[in-house]
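Hi everyone, thanks for coming. Let me put the model on the screen, and then we can walk through its pocket and its core.

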Amino acid sequence: VTMACRKILMACACEKGASEGGSFLSYVDYIVEEVLVYPTAKNAIDKIRHIGNGANHSIEFVTEEDATTVMDTIIYMLDALYALPAE
């Protein structure tokens, strides 16, 4: 779950103009600073990076609570990026 959410965040950042091949932190920063322009969201969005780092770089299991946190954050981010502007 967390790895899929990381990929979604990366794809959204690139679709919105970030350069491919950057660090995951660069995608988090791009979303928060260039797309959402909502600095207080950085802590929530950065949780995706922190929670998913172990699962992404080694075989480390994520708790159900952390997976739910990551999924909820991605849903909020997707709403802010795509649903709200379409309204």
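Let's begin with the pocket lining: in the largest pocket it divides into eight nonpolar residues, one polar and no charged. Nonpolar here covers Ala, Val, Leu, Ile, Met, Phe, Trp, Tyr, Cys and Pro, charged is Asp, Glu, Lys and Arg, and the others, Gly among them, are polar.

A word on provenance: this is a predicted model, where local features need pLDDT of at least 70 and side-chain atom pairs 80 or more, while totals for chains, interfaces and linings use all residues. Residues are numbered from 1 along each chain as its sequence is written, and side-chain values use heavy atoms, leaving out hydrogens and water.

Who lines that pocket? You'll find L36, Y38, A41, A44, I45, T73, Y76, M77 and A80 there. A pocket is an open set of points on a 1 Å grid over the protein atoms alone, where a 1.4 Å probe fits, with protein on both sides within 12 Å along at least five of seven lines; lining residues have an atom within 4 Å of a point. The largest share, four residues, comes from α4; helices are DSSP runs of H or I, at least four residues, numbered from the N terminus.

Now the core. In the largest nonpolar core, of 19 residues, L9, I31, I45 and M77 touch the most other members. Such a core joins buried Ala, Val, Leu, Ile, Met, Phe, Trp, Tyr and Cys through side-chain atoms within 4.5 Å, buried being under 20% relative accessible area with a 1.4 Å probe, protein chains only. Its largest share, five residues, comes from α2.

Definitions and conventions
Helix = DSSP H or I, 4+ residues; strand = E, 2+ residues; numbered from the N terminus. Buried < 20%, exposed > 50% of the residue type's maximum accessible area, 1.4 Å probe, protein only.
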